[in-house]
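Hello,

Here is the structure I promised to pass on to you. Have a look at it first, and then read my notes below.

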Amino acid sequence: MSRLETKPRSAAVDLLKTAAQRLFAERGVDGVTVREIADAAGQKNHAAVGYHFGSKEALIRQLVVDGAALIDQRRNAWLDRLEGEGGPRNVRDVVDALVRTTVEVDPRETGEETYNRFVVMLGMTHRQFFLDVLGSRWNSGYQRCLEHLRRLLPDMPAETKNERLRFMGAYLGGVLAAREWEIAGSPRAADRWRSGQSLDHLVTTMTAMLEAGE
């Protein structure tokens with residue numbers, strides 16, 4: 001068997017994570033082999049995923065946790081600031097927190113944006129697996145946002161509020177996944193989608209969806 005490349009382990013691990021997340025975002029977890037991940041990461045030994053992570057499933061779990069933990073940390077810090085200032089005062093404040101803390105999620109600082117596409121596809125094809133990995137550990141910031149939204153939404157039945165919040169979650173994930181596809185495919189689209197104006201429009205439409213009359 002050929003030896004793994006002599007890069008520091010942390011560097012090899014980061015290369016494998018970055019390559020895997022990009023491939024999973026493009027083709028889904030079922031459409032990618034460990035050999036393809038190793039090749040994309042520049043690893044000549046095709047057993048690299050098993051060597052560093054134990055299995056492809058363990059690698060997927062780690063990728064979910066990496067991004068989810070970062071987003072959760074950002075959201076909680078954002079909410080701590082808002083609450084320290086006496087807020088959030090309206091639905092838009094909370095929606096803004098949800099959007100801004102979920103863009104440009106890349107713990108490995110590669111400049112790529114692939115996490116939202118990755119988790120949206122995983123949630124569609126392996127939803128229970130995704131929920132089991134996420135658990136209640138990495139979404140405390142999201143739950144805090146939901147509590148504020150239930151308080152701030154116009155008066156409506158609890159069932160209606162909960163349904164709108166479910167729609168909001170799907171809308172947020174879908175639009176941010178589409179944003180990543182656009183950024184990856186076109187420099188012109190990347191400039192547009194990375195502008196503050198585009199994110200402001202996303203916040204506006206999400207807020208309108210939540211606050212619309214029955």
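By class, the lining of the largest pocket has 15 nonpolar, 10 polar and 5 charged residues. Here Ala, Val, Leu, Ile, Met, Phe, Trp, Tyr, Cys and Pro count as nonpolar, Asp, Glu, Lys and Arg as charged, and the others, Gly among them, as polar. Please keep in mind that this is a predicted model, in which local features need pLDDT of at least 70 and side-chain atom pairs count only at pLDDT 80 or more, while totals for chains, interfaces and linings use all residues. Residues are numbered from 1 along each chain as its sequence is written, and side-chain values use heavy atoms, with hydrogens and water left out.

The largest pocket has a volume of about 970 Å³. Of its 30 lining residues, the closest to the centre are Arg127, Phe130, Leu134, Tyr142 and Gly169. A pocket is an open set of points on a 1 Å grid over the protein atoms alone, where a 1.4 Å probe fits, with protein on both sides within 12 Å along at least five of seven lines; lining residues have an atom within 4 Å of a point. Grid points are joined across faces, edges and corners, and the volume is the space filled by probe spheres set on them.

Which helix gives the most to this lining? That is α9, with 8 residues. At least two residues each come from α4 (56-84), α6 (115-125), α7 (127-134), α8 (140-152) and α9 (158-185).

The protein chain as a whole has 11 helices and 0 strands; these are DSSP runs numbered from the N terminus, with helices (H or I) of at least four residues and strands (E) of at least two. Buried residues make up 46% of the 214 in the chain, where buried means under 20% relative accessible area, exposed over 50% and partly exposed in between (1.4 Å probe, protein chains only).

Just after α4, Gly86 takes a positive phi of about 90 degrees. A cis peptide bond joins Gly87 and Pro88, with omega about -5 degrees, and Pro88 sits in the loop between α4 and α5 (91-100). For context, most residues other than glycine have a negative phi, and most peptide bonds are trans.

Enjoy exploring, and write back with any questions.

Best wishes
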